[in-house]
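This briefing is for a reader who is meeting the structure for the first time.

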Amino acid sequence: MAVPQHAQNAEGNLPNLLGMTLPEMTTFFAGLGEKPFRAKQVFRWIHHFGVDNFDDMTDLAKSLREKLPTLAAIEPPKLMTSQESKDGTRKWLLDVGTGNGVEVVFIPEADRGTLCVSSQVGCALDCTFCSTGKQGFNRNLTTAEIIGQLWWAKRELRKAIGSAAGQPTDIPDDIAAKDGRIVSNVVMMGMGEPLANFDPVTNAMDIMLDDHAYGLSRRRVTLSTSGIVPNLIRLKTRCPVALAVSLHAPNDALRDVLVPINQKYPLAELFAAITDYLEAAPRDFVTFEYVMLSGVNDSVQHAHELVELVKDIKCKLNLIPWNPFPQADYQRSSNNAIHRFREVLQNAGLIVTIRKTRGDDIDAACGQLAGQVVDKSNRASASKAGKTIAIKSVSA
Ligand code: SAH
Ligand code: SF4
């Protein structure tokens, strides 16, 4: 039976059920001569109950439980390390094979718990201020590796609050979410450019949104992109979720330098695509991320230009104090500069937040995360096999 390639495990042999959407799993079970409700049961066991062993799926017929291990696997990435910060932020390192690792960060807040998820090992887009970009690119993550980050986080968090896998009724997600102990929000803001890995990312988001899996609302899943316009257009119909766009500059000349993909998809095209996207989006505004780089994009003049640029689009602005990393030629804007910049925007009636730093005692703050990338692109001089790199998280 044909199994979607992205649903296969690392060796490409047994199909990995962890990476299948519910319709894909239904097709898979139909190929085994099983009814659709069997697929739904297994799907729920894996994602809702956090189970990775067919033996634990107690409502499946014994004969099916016995044959499934010969036909399919449930294979999350391997959990390497787990850390917790003084402020409750948690960070996990996941092994994705051949010397590569990605980190996942959970940021608890009073009214929500946000998970920052990666989409690629490294990134090919080479934004000049970004540590992931500077480390080069190895490969796209599979659907299983993307959803596996949420699978692990949910399982580990449940363990931490005393509810074992397979016993979901102890603390219903909607109640636990209110005290920020369970994942209530996902931001695709870890390592990589999610729109450069379209199918696995959208399939993983389908699973995040599925009521039989994680049941997240579209408003609580945010995709952050540097602006791959054709795929933003596709996202509108394929899987509209909340949108964040990495802007970082108020004009094409500067953005061409900071975010080189702008040379291919300049601001006018990007803004047209965002405006169109918002028609279908679960939130009627876009969040613009703007990293504050001293003397580069943080002047009062830049702020006025930014006001002009965004005046016709419904948006919120998130100013990100830049986090340094080795070999970077930038400096973080001073607090004064950031506040002056914010004031100009606020005086023009814009909604502006300044991103807080969380989890910095365990290197989990924005720009501090250490994964591992074996750079295959050989583009970044700093990228050597197995080198520790930084990826970013947010307190969105
Ligand atoms: N590729 C996507 C998502 C991952 S990056 C994107 O670019 O939007 C997530 C956010 O972290 C982006 O806004 C990115 O510009 C920002 N970022 C990158 N490097 C950073 C650094 N050193 N300090 C602070 N923010 C950074
Ligand atoms: Fe890639 Fe985003 Fe970093 Fe740019 S900011 S290099 S798109 S991860």
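The 18 residues of helix H5 should span 26 Å at 1.5 Å a residue, and the end C-alpha atoms of H5 are 26 Å apart, so the two values agree. The model is a predicted one. In it, H5 is mostly covered, with 15 of its 18 residues buried.

- The largest nonpolar core has 110 residues, and Met208 and Phe288 touch the most other members.
- Helix H5, residues 143–160, gives the most to this core, with 8 residues.
- In soluble globular proteins, nonpolar side chains tend to be buried together.
- Which residues does Met208 contact, leaving aside its neighbours within four places in sequence? They are Ile146, Ile147, Leu150, Val186, Met188, Tyr214, Gly215, Leu216 and Val221.

- Glu156 and Lys159 both lie in helix H5, 3 residues apart, which is about one turn of the helix.
- An α-helix has 3.6 residues a turn, so residues three or four places apart point the same way.
- The side chains of Glu156 and Lys159 form a salt bridge, at 3.0 Å from N to O.
- Glu156 counts as buried because its relative accessibility is 11%, under the 20% limit.
- Lys159 has a relative accessibility of 56% and therefore counts as exposed, the cut-off being over 50%.

**Other salt bridges**

- A search of the whole structure finds 18 salt bridges.
- Arg139 and Glu145 are joined by one of them, with their side chains 2.8 Å apart, N to O.
- Arg139 is partly exposed, with a relative accessible area of 21%, whereas Glu145, at 13% relative accessibility, counts as buried.
- Asp126 and Lys134 also meet through their side chains in a salt bridge, at 3.1 Å from N to O.
- Lys134 counts as partly exposed, at 25% relative accessibility.
- A network of salt bridges links Glu109, Asp111, Arg112 and Lys356.

**Surroundings of ligand 2**

- Ligand 2 is surrounded by Cys123, Leu125, Asp126, Cys127, Cys130, Gly133, Gly192, Glu193 and Ser226.
- By class, this shell has 4 nonpolar, 3 polar and 2 charged residues.
- Asp126, one of the residues around ligand 2, is also the partner of Lys134 in a salt bridge.

**Phe54, in a loop**

- Phe54 lies in the loop between helix H2 (36–48) and helix H3 (62–71).
- Is Phe54 buried or exposed? Phe54 counts as buried, because its relative accessibility is 6%, under the 20% limit.
- Phe54 and Leu64 are 10 residues apart in sequence, and their C-alpha atoms are 9.0 Å apart in space.

**Asn262, in another loop**

- Asn262 is found in the loop between helix H9 (252–258) and helix H10 (267–278).
- With a relative accessible area of 0%, Asn262 is buried.
- Residues up to four places away in sequence aside, Asn262 touches Asp252, Arg255, Asp256 and Leu267.

Notes. Residues numbered from 1 in each chain as written. Chains lettered and ligands numbered in written order. Predicted model: local features only at pLDDT ≥ 70, side-chain atom pairs only at ≥ 80, totals over all residues. Heavy atoms only, no water. Near = heavy atom within 4 Å. Nonpolar A, V, L, I, M, F, W, Y, C, P; charged D, E, K, R; others polar. Core = buried A, V, L, I, M, F, W, Y, C linked by side-chain atoms within 4.5 Å. Buried < 20%, exposed > 50% of the residue type's maximum accessible area, 1.4 Å probe, protein only. Helix = DSSP H or I, 4+ residues; strand = E, 2+ residues; numbered from the N terminus. Contact = heavy atoms within 4.5 Å. Expected span 1.5 Å × (residues − 1). Salt bridge = Lys/Arg side-chain N within 4 Å of Asp/Glu carboxyl O.
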